[in-house]
Amino acid sequence: SGGGSGPAVSDAVAVELSKKYIDLVRKSRGNIQKCYEQALKKNTALQARTISLTVTARYGASGDVTKASFRPDSLGPTFDTCMQAVAKNWKLSAPASGMSFQSTVTLSPS
């Protein structure tokens, strides 16, 4: 298992947190789509494509997202700024401290 940072979390807890994270991302789908549509307005090259967006969030001590990253990262700064704001809502309980979770969202022009 990982290095000695933070409290050790059992596999069961990690799985539970991961499920909660994926659920939070799913509930934010409308907001993520809005970010995407803003990006489309700025970058017409995106418009004919469906994008499989991988969303990774790393958690700090209080269960807040300390770092969110998105792949592909070619959607531009408008999208990133918008998504960082969305990711701030993905709070998990404190055991998530120091953990990263990943979820995939499919985006296509509406």
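The model is predicted, so a word on the ground rules: local features need pLDDT of at least 70, side-chain atom pairs count only at pLDDT 80 or more, and totals for chains, interfaces and linings use all residues. Residues are numbered from 1 along each chain as its sequence is written, and side-chain values use heavy atoms, with hydrogens and water left out.

Let us start with helix 1. Helices here are DSSP runs of H or I with at least four residues, strands are runs of E with at least two, and both are numbered from the N terminus. Helix 1 has 17 residues and spans 24 Å from its first C-alpha to its last, close to the 24 Å expected at 1.5 Å a residue (the expected span being 1.5 Å times one less than the number of residues).

Which residues of helix 1 are buried? They are Leu17, Tyr21 and Val25, where buried means under 20% relative accessible area, exposed means over 50%, and partly exposed lies in between, with a 1.4 Å probe and protein chains only. The buried residues of helix 1 pack against helix 2 (29-42), strand 1 and strand 3, with contact meaning heavy atoms within 4.5 Å. On the face turned away from the buried side, helix 1 carries the exposed residues Ala12, Lys19, Arg26 and Lys27.

**Aromatic pairs**

A pair of aromatic rings is described by the distance of the centres and the angle of the planes. In this report, rings of Phe, Tyr and Trp (its six-membered ring) pair if their centres lie within 6.5 Å; planes under 30 degrees apart count as stacked, over 60 as edge-to-face and the rest as tilted. The structure holds five aromatic pairs.

Tyrosine 21 counts as buried at 0% relative accessibility, and tyrosine 59 counts as buried at 2%. Tyrosine 59 also pairs with phenylalanine 101: the ring centres are 5.8 Å apart and the planes stand at 65°, so this pair is edge-to-face. Here too the pair links distant parts of the chain, as tyrosine 59 in strand 1 and phenylalanine 101 in strand 3 (residues 100-107) are 42 residues apart. Phenylalanine 101 counts as buried at 5% relative accessibility. Ring pairs link Tyr21, Tyr59, Trp90 and Phe101 into a cluster.

Strand 1 pairs with strand 2 (residues 65-71) in the antiparallel sense over six bridges; two strands pair if DSSP finds at least two bridges between them. Threonine 56 has serine 69 in strand 2 as its bridge partner. Five residues lie between the strands of this hairpin, and glycine 63 takes a positive phi near 85° there.

**Salt bridges**

Side chains of opposite charge can pair when their charged atoms come close. A salt bridge here is a side-chain nitrogen of Lys or Arg within 4 Å of a carboxyl oxygen of Asp or Glu. A search of the whole structure finds four, and the table lists some of them.

| Residues | N to O distance |
|---|---|
| Arginine 26 and aspartate 23 | 3.7 Å |
| Aspartate 23 and lysine 27 | 2.8 Å |
| Lysine 91 and aspartate 64 | 2.1 Å |

Lysine 91, in the loop between helix 3 (77-87) and strand 3, and aspartate 64, in the loop between strand 1 and strand 2, are 27 residues apart, and their pair links distant parts of the chain. Lysine 91 is exposed at 51% relative accessible area, whereas aspartate 64 is partly exposed at 28%. Elsewhere, salt bridges that share partners join Asp23, Arg26 and Lys27 into one network. Within helix 1, arginine 26 and aspartate 23 lie three residues apart, about one turn of the helix. Aspartate 23 and lysine 27 are four residues apart in helix 1, again about one helical turn. Arginine 26 is exposed at 56%, lysine 27 is exposed at 65%, and aspartate 23 is partly exposed at 29%.
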